[in-house]
Amino acid sequence: AARIIQNMDPTADPCKDFYQYACGGWLNRHVIPETSSRYSIFDILRDELEIILKGVLETSDQGDREAFQKAKILYKSCMNENLIEQRDSLPLLEALTMVGDWPVASADWNKTKEPNWSMEEKLSIMNSRFNKRVLIDMFVWNDDRDSSRHIIYIDQPSLGMPSRDYYFNGGNYQRVREAYLQFMITIAKMIREDKNISKDDSFVQEEMAKVMELETEIAN
């Protein structure tokens, strides 16, 4: 309650400027950090919670329940930067192998991979192993007509960029779109190099332009 009162501005007339009355204290006491695009009470609570969680995850794990042990193992694996650097791109290459490889980062994908490649199978692997929805989003949630049961929902997934505006609008959207395409090209080149595949920048650019075109069609 005290925090809510602090975030108000009781000197403002709510009949003239209710926003200033309700949020004026917050506006006067907080500035959006340079590292954030937004800043609210929920962001502050999240930051405070992360500090608490960091302390919990860094305690010794003797006598912990299995769920806590797994959380601490995951945290330690993320903090082990030496091993992460040592493994380099290997985890990404292993993930690509699981989903049928990547044509742009393969010397002869059409001959060696495509004959046995199944979109349905790969979409299910992306969902079950990597929690990544592509083309189709499918999940279990409460039934809107009967909250006592759960049903399977099928929906459209999110796009590669935050919204369809990024695929069609100009200005900043266009700059992000160009950077997004360049990012894809850079990653493809990196993987080809790590797999010792000959350098072919024009092929990579053509293939990634096709990917961008497909994403744009999906966004439309």
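## Aromatic pairs

How many aromatic pairs does the structure hold? There are 5 aromatic pairs. Rings of Phe, Tyr and Trp (its six-membered ring) pair if their centres lie within 6.5 Å; planes under 30 degrees apart count as stacked, over 60 as edge-to-face and the rest as tilted. One of the pairs joins phenylalanine 18 and tyrosine 21, with ring centres 5.9 Å apart and planes at 45°, so this pair is tilted. Both residues belong to helix α2 (residues 18-29), where a spacing of 3 residues separates them by about one helical turn. Helices (H or I, at least four residues) and strands (E, at least two) are DSSP runs, numbered from the N terminus.

Phenylalanine 18 is exposed at 54% relative accessible area, and tyrosine 21 is partly exposed at 24%. Here buried means under 20% relative accessible area, exposed over 50%, and partly exposed in between (1.4 Å probe, protein chains only). Tryptophan 109 and tryptophan 117 form an edge-to-face pair, 6.2 Å from centre to centre with 65° between the planes. Tryptophan 109 is buried at 11%, whereas tryptophan 117 is partly exposed at 35%.

## Basis of the model

The model is predicted: local features need pLDDT of at least 70, side-chain atom pairs count only at pLDDT 80 or more, and totals for chains, interfaces and linings use all residues. Residues are numbered from 1 along each chain as its sequence is written, and side-chain values use heavy atoms, with hydrogens and water left out.

## Surface patches

Like charges are joined within 9 Å, and nonpolar side chains (Val, Leu, Ile, Met, Phe, Trp, Tyr) within 5 Å. A nonpolar patch of about 1000 Å² includes Trp117, Met119 and Met138. At least two of its residues come from each of β1 (137-142), β2 (150-155) and α11 (201-219). Methionine 138 is found in strand β1 and is partly exposed at 42%.

## Positive phi angles

Most residues other than glycine have a negative phi. Aspartate 101, however, has a positive phi near 70°. Aspartate 101 lies in the loop between α6 (90-98) and α7 (109-112) and is buried at 15%. Asparagine 131 also has a positive phi, of about 55°. Asparagine 131 sits in the loop between α8 (119-130) and β1 and is exposed at 55%.

Technical notes: Patch = residues over 30% accessible without salt bridge, like charges linked within 9 Å, V, L, I, M, F, W, Y side chains within 5 Å. Areas by Shrake-Rupley, 256 points an atom, 1.4 Å probe, with all protein chains shown as cover. Salt bridge = Lys/Arg side-chain N within 4 Å of Asp/Glu carboxyl O.
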